[in-house]
Amino acid sequence: ERLRWVTLGAQYDWAARCYLDHQAPALPDAVLQTAQAAVSSLPLPSGGQHQFQAAICNFYHAARRPSDRLGGHRDDVEPDATS
């Protein structure tokens, strides 16, 4: 019940607001294929080709914690926010 998210691939230090500087495991193929399919359907200037390095899965306990939700926010620590 305490686990609120899991990060796949590159690990992020939430307190320091930066990615950890170590070799991260590759994302699972199923995650990469899903991400690529999602962005390829969008009209992006790069043609939808991106290098995916991390995925964050948030867990919501709606039955036990009705207030669980992700509000609007901006990820402002990414080095390249052009997409």
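Visitor: Which residues is T7 in contact with, leaving aside its neighbours within four places in sequence?

Guide: T7 is in contact with A55 and I56, where contact means heavy atoms within 4.5 Å. This is a predicted model, in which local features need pLDDT of at least 70, side-chain atom pairs count only at pLDDT 80 or more, and totals for chains, interfaces and linings use all residues. Residues are numbered from 1 along each chain as its sequence is written, and side-chain values use heavy atoms, with hydrogens and water left out.

Visitor: Where does T7 lie?

Guide: T7 lies in strand 1, residues 5-9. Helices (H or I, at least four residues) and strands (E, at least two) are DSSP runs, numbered from the N terminus.

Visitor: And is T7 buried or exposed?

Guide: T7 counts as buried because its relative accessibility is 14%. Buried means under 20% relative accessible area, exposed over 50%, and partly exposed in between, with a 1.4 Å probe and protein chains only.

Visitor: What about I56, then?

Guide: I56 is in strand 4, residues 54-58. I56 is partly exposed, because its relative accessible area is 40%.

Visitor: Stepping back, how many helices and strands does the protein chain have?

Guide: The protein chain has one helix and four strands. From the N terminus on, the order is β-β-β-α-β.

Visitor: Where is confidence lowest, and where is it highest?

Guide: Confidence is lowest in strand 3 (residues 18-19), at a mean of 82, and highest in helix 1 (residues 29-40), at 90. The confidence score is pLDDT, given by the predictor for each residue from 0 to 100. The protein chain averages a pLDDT of 80.

Visitor: How many disulfides are there?

Guide: The count is zero disulfides, a disulfide being a pair of cysteine sulfur atoms within 2.5 Å.
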